[in-house]
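I opened my notebook to go through this structure piece by piece.

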Amino acid sequence: MNVMLDLSGKIPLKERLRARRAHIEATGTYIERCTLKETDPIGFEVFYTKLSQSINNARDLARQVAASPEMREMGESVLGLFTPEGDAICLSPGLMVHVRTMSRAIKWMIDNDYETDVGINPGDIFFNNDPYIGGGHAPDQQIIIPLFHDDRLIGWAGGMSHVSEVGAVEPGGMGISMKTRFHEGLYLPCMKVGEGDLFKRDYEILVDRSVRASVWWLLDSRAKLAGAKLIRDAVRGLVAEYGLDHYLRIGEEYIEDTRRATIDKMRRVLYPGRYRDVGWRGIDEPDLRQLLHAPIQTTISPEGRILVDADGLSSAGPHPVQATVPLFEGILFSSLIQHVFYDTRYNEGTALVLEHRVPEGSACNPPDIYHATALWGPAFAGGIACNQSISRAYYANGYREEVHSCNAQVNAIIAGGIDLFNRKFAGWNMEMCASGSYATAFMDGLDTALAEFNAEGDSGDAEIWETALPLIYLGRTIRVDGGGFGRFRGGAGLYSVYMTPDVPKLELGSFGGAPIFPAPGLMGGYPAPMPTVYVVRNTDLKERIEKRLPLPHHEGDPASPDVVTQAKGDVEVVRGGNYIARNIQPYSLYVQPGGDGSGFGDVLCREPEKVKRDLDNGVTSRHAAESVYGVVLSKDGVVDLAATEKRREEIRARRLARGIPADQYRKKVRQKFLSGDLPAVSKTLFRDTLSNHGRFRDEFLEFWELPSDFAIA
Amino acid sequence: MSLLEEKELSDLLDGTLDLERVREIQRAPKDLDRRERLLAIEQKRLGWKDRIVLALQESLFIVQTDAGKTVRCRCGHHFGDYRRNWKESALVHERDPQDGELYASANAPTKDWMILREFYCPTCATLLDTENVPQGYPFIFNFLPYFQDEKP
């Protein structure tokens with residue numbers, strides 16, 4: 001009997017899941033033959049089109065039901081159909097991070113005997129937001145329902161969306177002060193929250209009394225349920241039309257077919273080799289100043305297999321800048337689906353191709369579930385690094401149209417309180433879904449375009465955000481010099497200037513990063529600038545408004561921004577952009593950058609006319625035009641080509657004069673290790689790295705010619 | 001998609017190909033002889049004769065010489081065996097991000113957190129790579145390609 005397919009309908013799910021895992025382990029395949037595709041390839045595609053259409057419709061419906069701007073406007077959701085063992089067959093567009101997180105939740109329920117101990121019945125509704133089971137952090141919320149044919153479980157449908165208020169210690173579910181799981185709000189690990197297609201009243205009461213404002217959580221739950229039910233209806237129709245046997249078999253074939261197509265695509269387009277890139281995140285709080293690195297080695301075999309090895313990754317700790325393995329894996333899927341597998345199906349077959357190794361105890365594989373994961377941290381950095389490596393693999397094969405530098409670290413406002421209509425509100429502003437995109441090998445990055453984790457890239461209307469979180473926009477413009485410099489510059493993100501409202505209660509802060517370059521450049525391009533939040537208190541804004549005097553709306557000169565020069569007040573500069581939410585008085589100014597992409601190639605290869613265009617459009621500063629790009633403009637703004645070439649020659653000469661041979665540089669830095677003359681942040685990082693034995697440690701010591709027992713003083 | 005003309009490939013290399021055409025190319029199945037065709041275009045442009053076997057990154061190629069496969073800059077500068085990180089033969093400048101040349105002070109890290117390591121070609125001074133790393137971080141060996149005819 002085929003235990004995995006179980007046409008009898010009598011084999012326990014746990015046994016089927018065990019058999020499936022054993023089969024994959026033994027053969028490397030999901031199933032061995034795709035008989036339906038072989039006998040009727042057209043019918044195979046027609047069925048899939050019906051399936052994917054239904055799932056896309058389900059997502060559209062869910063968006064209409066949802067309450068939150070992120071699910072309605074920003075596309076922060078994904079819906080999908082799964083096999084009885086929980087493997088994804090077909091997913092909607094949306095959050096590609098979650099290709100496997102709902103699968104993991106379903107498998108977790110099976111592994112934990114839900115079939116016998118909790119009960120899985122028609123009409124049941126399960127909820128999960130536990131990232132150690134499947135997800136990214138508490139705001140990643142899943143609604144999953146079982147699909148039955150008569151009394152046989154034939155699959156699952158589910159929806160996942162980001163809900164930005166979860167009752168955490170800071171509003172919005174994401175904040176740098178969350179040091180353990182117990183700061184992160186309400187977790188419901190694979191909990192049955194409904195029966196008979198209806199949510200339980202006590203579930204809704206629990207949510208309503210556990211979070212600052214429950215409307216997004218509760219209505220977005222209904223939205224996901226509505227979508228999942230639409231998928232259920234579609235499956236019923238397909239089973240009636242094609243028969244149950246066909247439905248069950250073809251789902252398995254889609255997974256295997258995807259696995260094969262994925263390997264084939266990689267083999268054809270990515271040059272084989274060993275690639276290494278590094279992503280960075282960190283924490284800069286009074287009690288913890290630490291860099292976290294994600295050194296990623298990506299090996300692409302000539303056969304088209306991919307192994308992502310994170311040996312050397314920073315250790316987990318008492319902070320939220322870390323992630324679970326499901327999230328680390330999800331970030332890799334998100335990158336690879338958008339940049340390599342955009343023309344194949346994506347489902348469990350995609351996941352079967354990707355092998356990853358994440359050290360136990362690291363910041364992407366914490367030692368226990370009590371470690372906070374709100375800000376993902378080095379998982380995002382790992383995705384960045386893998387992406388950079390994929391671009392190198394495309395480049396080597398000549399596919400320059402696929403090569404790009406690094407996407408933005410996204411940064412956002414978090415806020416909660418009571419608004420001017422006495423309504424409770426809480427959440428975060430997701431306008432950074434329109435961050436600056438990466439530069440490519442053939443064009444500049446797009447300004448205010450996308451966020452890597454959300455390819456639909458929509459900032460949302462300012463007016464909608466003002467009703468959701470009652471901050472008053474004074475301006476929303478493009479950040480000056482936001483994109484990393486390069487032959488092709490990175491896209492610049494949003495630069496929003498807010499005035500704080502006079503409301504009964506307001507907690508306001510931001511999540512961003514450590515004071516570092518968060519997005520590295522590629523092949524000579526420069527990193528995107530560090531995000532910086534400005535908070536200006538005790539301003540003269542009220543008086544200015546009364547007297548109808550100008551207000552700061554734009555960034556102005558990045559070295560001396562308008563919020564500092566065009567209003568009076570006490571200025572606080574928040575480097576890196578992490579700012580713990582707190583009360584901020586009315587008529588204060590608050591500046592939030594969204595996120596910027598990095599640059600590609602040598603700045604001196606940039607066409608001078610492009611520099612002038614950016615200068616004219618206010619995207620590049622005069623300082624950058626002259627000092628970084630070496631472009632000389634006449635008084636009336638015309639590029640002086642001869643003077644530009646002369647200045648660029650001067651810059652090249654300066655490079656040769658100040659650059660030192662690499663072996664001399666190494667000797668110089670080695671001395672710093674021996675004398676202990678390194679900054680505290682470096683020492684903390686290396687002390688942690690060198691405490692973990694492995695490839696990274698060995699190569700580190702070899703590079704600096706340090707003894708095998710070397711330790712940081 | 002029609003086959004890519006040599007002129008189109010050349011424009012793609014230069015970043016001057018019409019963006020609508022780039023989009024068509026992105027949407028079409030990949031042409032499997034692209035690597036060889038691009039290398040042929042690059043080879044014609046160079047002022048030296050060593051045969052390119054791979055475009056490693058902007059301005060850097062792996063070329064076949066009597067001594068084996070080595071990394072060579074567009075300008076002709078030799079960086080040595082491809083199995084050794086070319087950065088170890090480059091000029092290095094450790095930039096303090098607060099030096100005022102590039103970023104506004106509020107938008108750049110202090111060197112206690114991160115420095116910008118710049119790698120220049122010792123002959124033509126092309127900026128070949130930047131690394132944003134903390135002080136003391138080893139050079140990153142970005143790419144060791146696989147060649148069927150030899151072990152890395």
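I note at the start that the model is predicted.

**Entry 1: strand 22 of chain A**

I began with residues 589-593 of chain A, which form strand 22. Is this strand mostly covered or mostly open? I found it mostly covered: five of its five residues are buried.

Next I checked where the side chains go. A:Leu589, A:Val591 and A:Pro593 point one way from the strand. A:Tyr590 and A:Gln592 point the other way. I saw residues of both groups listed as buried.

**Entry 2: partners of strand 22**

Which way does strand 15 of chain A run relative to strand 22? I have the two down as antiparallel, joined by five bridges. Strand 15 spans residues 494-499. For one position in this pairing, I noted A:Met499 opposite A:Leu589.

I then turned to strand 17 of chain A, residues 532-537. How many bridges does strand 17 share with strand 22? I counted three, again in the antiparallel sense. Here A:Tyr534 has A:Val591 as its bridge partner. A:Val591 is also one of the buried residues from my first entry.

**Entry 3: a four-strand sheet in chain A**

I looked up the sheet with the strand order 13-12-16-21 in chain A. It is open, and its pairing is antiparallel.

Strand 12 (residues 412-418) and strand 16 (residues 505-511) run antiparallel and are joined by seven bridges.

**Entry 4: chain B**

What does the secondary structure of chain B come to? I have three helices and eight strands. Along the sequence, I read the pattern as α-α-α-β-β-β-β-β-β-β-β.

I also took overall figures. The C-alpha atoms of chain B fill a box of roughly 50 × 45 × 30 Å along the principal axes. Of its 152 residues, 41% are buried. Among contacts with a separation of 6 or more, I noted that 36% link residues 24 or more positions apart.

Conventions
Residues numbered from 1 in each chain as written. Chains lettered and ligands numbered in written order. Predicted model: local features only at pLDDT ≥ 70, side-chain atom pairs only at ≥ 80, totals over all residues. Buried ≥ 20, exposed ≤ 12 C-beta atoms within 10 Å, placed from the backbone. Pairing = 2+ DSSP bridges. Contact = placed C-beta atoms within 7 Å.
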